[in-house]
Amino acid sequence: MPKKVKPAGDGKEEGPVPCKQVKLEAAGGPSPLNHDSPSGLFESLISPVKTETFFKEFWEQKPLLIQRDDPVLATYYRSLFRLSDLKSLCSRGMYYGRDVNVCRCVNGKKKVLNKDGKVHFLQLRKDFDQKRATIQFHQPQRFKDELWRIQEKLECYFGSLVGSNVYITPAGSQGLPPHYDDVEVRGEETARLREDELLPARVFILQLEGEKHWRLYHPTVPLAREYSLEAEDRIGRPAHEFTLKPGDLLYFPRGTVHQADTPSGLAHSTHVTISTYQSSSWGDFLLDTISGLVFDTAKADVELRAGIPRQLLLQVETTAVATRKLSGFLRMLADRLEGTRELLSADMKKDFAMNRLPPYYVGDGAELSTPDTAWPCLISRFCVMACVQLENMETQP
């Protein structure tokens with residue numbers, strides 16, 4: 001078992017992906033999570049485990065299972081997303097592939113049951129009831145304010161894009177075969193792609209409705225960099241096996257092979273997968289910053305501006321002379337890096353700044369039009385007027 005804590009698509013995309021919409025419904029009662037700050041939100045999310053313990057013992061290392069017998073938290077989790085929400089959501093214009101995937105695991109393989117074009121609730125419910133298909137809803141925080149609040153705070157806490165998917169599976173069925181992801185907990189743009197297009201991440205599972213039976217296996221590729229399906233004869237016996245109930249939380253590092261099914265004889269299961277740290281490894285950061293470092297160094301060093309040997313690009317193998325030259329340049333770049341205080345990020349910072357969720361805000365924004373204090377920063381609880389105006393425009397008929 002993982003560390004256990006008990007507290008005392010394949011459809012065609014059509015049209016642009018909808019932006020954040022007016023809330024579908026508010027969560028019942030006050031939130032049991034601490035929304036006062038990003039660190040407070042994360043602490044309350046993994047409670048009773050301490051954040052220091054989590055990052056020292058579990059983050060990128062091993063799964064963490066938190067099973068809670070807490071009726072208040074279970075009720076709150078159920079409010080985040082329900083099967084009954086789908087009827088209203090479908091009336092807003094959902095599309096297969098872009099917003100919804102329908103699939104089922106058959107004989108160890110993923111069978112996609114998507115139709116073309118717009119999703120109609122009656123057809124979706126028919127596939128769910130008669131074909132025992134799993135419904136995967138992409139990025140529900142676009143329509144559910146409480147998930148927006150949670151993910152926006154997590155983006156501030158991790159400094160990385162955070163995305164989510166909801167999985168609704170009928171009793172006695174399984175949606176996906178054994179596989180591993182490449183995310184730790186899923187980024188806004190890249191993480192809003194279909195499941196089979198995702199890169200690896202760190203994943204948090206929140207069980208919302210019903211029960212889900214999970215099997216986790218030792219990674220075949222530790223901290224994997226890409227999504228992969230795995231044959232059961234290759235992954236062996238489960239390293240951990242357990243059932244999640246409403247209010248429970250599961251974390252596992254990217255690359256953890258897993259599969260989950262809804263037990264027979266029970267109600268359907270709904271869980272939300274929250275993921276982050278996609279393409280956020282040291283290797284990714286090196287690739288992102290090295291180009292800027294080379295560019296700046298070349299402006300000051302004529303050797304880097306000199307042409308490569310004639311016909312070098314025609315060679316099947318790199319010559320020893322070229323290898324020695326590149327090694328020398330890399331050592332020079334390393335020396336320059338030691339004295340550099342500012343690294344130029346080519347894409348990672350830009351991607352985060354452009355695609356992160358705007359801060360959650362309740363109100364008409366009038367008091368934000370002329371701030372009398374410092375402008376809000378990335379971890380601020382406030383939203384600049386432009387974000388409020390954009391939100392108002394999107395919610396108007």
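1. Glutamine 259 belongs to strand S14, which spans residues 257–261, and in this predicted model the residue is buried, with a relative accessible area of 2%.

2. Serine 269 is found in strand S15, residues 269–276, and counts as buried because its relative accessibility is 0%, under the 20% cut-off. The side chain of serine 269 is in polar contact with that of glutamine 207 at 3.0 Å, and, leaving aside residues up to four places away in sequence, serine 269 also touches residues including Tyr167, Ile168, Glu209 and Thr262.

3. Side chains of opposite charge can pair when their charged atoms come close, and the structure holds 13 salt bridges. One of them joins lysine 115 and aspartate 127, at 2.8 Å from N to O. Lysine 115 sits in the loop between strand S4 (109–112) and helix H5 (121–130), while aspartate 127 is in helix H5, so the pair ties together parts that are twelve residues apart in sequence. Lysine 115 is partly exposed, with a relative accessible area of 27%, whereas aspartate 127 is buried at 1%.

4. Glutamate 152 and lysine 153 also meet through their side chains in a salt bridge, at 3.7 Å from N to O; glutamate 152 is buried at 2% relative accessibility, and lysine 153 is buried with a relative accessible area of 9%.

5. Arginine 98 forms a salt bridge with aspartate 99, their closest N and O atoms lying 2.7 Å apart, and both residues are buried.

Methods:
Residues numbered from 1 in each chain as written. Predicted model: local features only at pLDDT ≥ 70, side-chain atom pairs only at ≥ 80, totals over all residues. Heavy atoms only, no water. Helix = DSSP H or I, 4+ residues; strand = E, 2+ residues; numbered from the N terminus. Buried < 20%, exposed > 50% of the residue type's maximum accessible area, 1.4 Å probe, protein only. Polar contact = N/O pair within 3.5 Å; in protein donor to acceptor, adjacent residues only side chain to side chain. Contact = heavy atoms within 4.5 Å. Salt bridge = Lys/Arg side-chain N within 4 Å of Asp/Glu carboxyl O.
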